[in-house]
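Here is a friendly walk through one structure, taking a pair of helices and then the domains. Have the viewer open as you read.

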Amino acid sequence: MPERPFVYSDGMLFCDGVPLSEIADRFDTPTYVYSAEAIRFAYHEIDQAFAGLPHRICYSVKANPNLSVCSILAALGAGADVTSGGELVRALRAGFPPEKIVFAGVGKSRAEIEQALTAGIGHFSVESEGELRLLSGVAADRATIAGFALRVNPDVNAHTHPYITTGLASSKFGVPIGEATRLYRLAATLPGLRAEGIGMHIGSQMEDLSPVVEATRGLAHLAAELLAQGVPLQHIDIGGGYPITYGDTQPDSPGKLTTAIEPILRPLGLLVLTAPGRRLVGAAGALLVRILYRKRNGNHAFIVADGGMNALLRPALYRAQHRLVAVRENTGEVQAQVVGPVCESADVLSFEETTPDVQPGELLAILDTGAYGFSMASEYNGRPRPAEVLVDGAAARLVRRRQSHEEMMVPEIDL
Ligand code: LLP
């Protein structure tokens with residue numbers, strides 16, 4: 001089943017047609033493995049959910065910026081939601097048409113704005129009055145017009161992890177919904193700007209998507225008022241935040257959300273934009289690590305893997321619990337904590353009490369790590385980031401090789 005790309009066959013864990021042991025042998029560990037079919041499946045699921053509305057899916061590149069992953073989504077017709085000059089360059093290289101690229105994010109620099117204008121992106125998602133004025137100035141200097149959408153902060157609680165809640169008044173994102181009308185009026189007096197849309201993004205991994213319905217209601221109401229006042233809006237962006245399951249939960253599906261928001265959005269006659277990241281790539285990926293040691297400190301048992309918070313930060317940063325499965329089937333369970341090689345006590349891969357009973361030399365797969373896995377990896381402790389492998393049917397291809405230790409030092413200047 002494409003939505004579950006990592007399954008056992010003949011006693012071994014496979015990614016689609018390829019045994020993970022073969023991938024570890026060919027490409028070493030730690031390595032991220034992605035299923036192209038699972039990404040396509042996830043895209044079609046969201047696309048189908050929005051079939052009743054004119055829509056565009058703009059992939060949130062931050063979830064997994066790998067060029068080959070981006071190319072799959074670009075080939076399916078997706079647009080891209082980028083948050084930096086670096087993501088913009090990638091999105092263009094991966095084949096997203098510039099006019100389907102949204103430049104989002106709270107901290108765009110002048111250089112990034114110039115870069116995006118040069119690239120001819122679709123529009124800027126503007127998050128403050130200061131940014132609106134800067135965008136106007138830069139566009140006017142270049143005698144061009146920048147399309148923009150205000151990102152509104154609706155002050156709705158997404159009820160997810162506090163670090164990924166973004167639509168509350170206490171969070172840095174967007175402009176207060178009550179100030180939007182004033183800012184569209186201001187924009188109309190500034191040179192170089194064209195109001196094209198309105199948007200929001202209230203949080204990530206919202207297992208219950210009803211806060212999005214509530215916030216969409218407020219946003220649609222505002223959009224209708226702006227249209228009535230003559231603001232020439234063309235699109236409304238409801239953000240991303242679609243959940244995936246990290247275990248036994250049954251989070252809301254995109255279809256459940258669209259059933260609820262269709263009647264709210266259809267009367268506006270606007271193009272509906274959405275910017276999913278996690279839902280498109282999360283379940284498609286697993287991090288493959290090899291066990292180095294088993295050890296015991298007093299009553300505490302540890303399984304030490306060759307990748308930890310450097311390869312996958314989510315457990316350390318959010319106490320996220322990913323499913324850990326042994327590549328060899330039926331290992332049984334043991335009471336132990338799986339940790340990485342990094343010199344930090346937070347370097348934990350699983351907070352569960354029990355874990356697969358894997359021995360040194362054996363492989364573990366950490367599931368549902370296709371989103372915010374590699375993209376948040378670091379070289380901390382002098383370890384190269386994981387390699388990345390894309391499986392498409394029976395073919396496994398390296399889509400990012402591991403850097404050598406020498407290469408990691410290349411940008412440095414040794415005085
Ligand atoms: N649009 C905007 C403006 C965003 O800030 C984000 C994510 C998205 C779309 C995509 O959200 P998604 O569909 O992936 O939920 N590192 C965290 C997640 C951070 C999300 C940041 N913004 C994690 O590992 O859970």
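## A helix pair

In this predicted model, helix H8 makes a right-handed crossing as it passes helix H9. H8 covers residues 210–228 and H9 covers residues 254–265. Their axes come within 10 Å and cross at roughly 15 degrees. Angles under 35 degrees count as roughly parallel, so H8 is roughly parallel to H9.

Which residues of H8 meet H9? On the H8 side they are Val 212, Val 213, Thr 216, Arg 217 and Ala 220. Their partners in H9 are Leu 257, Ala 260, Ile 261, Ile 264 and Leu 265. By class, the residues in this contact of H8 with H9 comprise eight nonpolar, one polar and one charged.

## Two domains

Now for the chain as a whole. The protein chain is divided into two parts: domain 1 takes in 6–35 + 284–408, while domain 2 spans 50–277. Between the C-alpha centres of domain 1 and domain 2 there are 33 Å. Domain 1 brings 17 residues to the contact, and domain 2 brings 15 residues.

## The interface between them

How much area is buried between domain 1 and domain 2? The figure is about 1,400 Å², and carbon and sulfur atoms give 56% of that area.

Terms used. Residues numbered from 1 in each chain as written. Predicted model: local features only at pLDDT ≥ 70, side-chain atom pairs only at ≥ 80, totals over all residues. Heavy atoms only, no water. Axes fitted to C-alpha atoms, helices over the stretch in contact; angles between N-to-C directions. Helix = DSSP H or I, 4+ residues; strand = E, 2+ residues; numbered from the N terminus. Parallel < 35°, antiparallel > 145°, perpendicular 65-115°, else oblique. Left-handed = near helix turned anticlockwise from the far one by under 90°. Contact = heavy atoms within 4.5 Å. Nonpolar A, V, L, I, M, F, W, Y, C, P; charged D, E, K, R; others polar. Domains from an automatic or database assignment. Buried area = accessible area lost by both parts, 1.4 Å probe.
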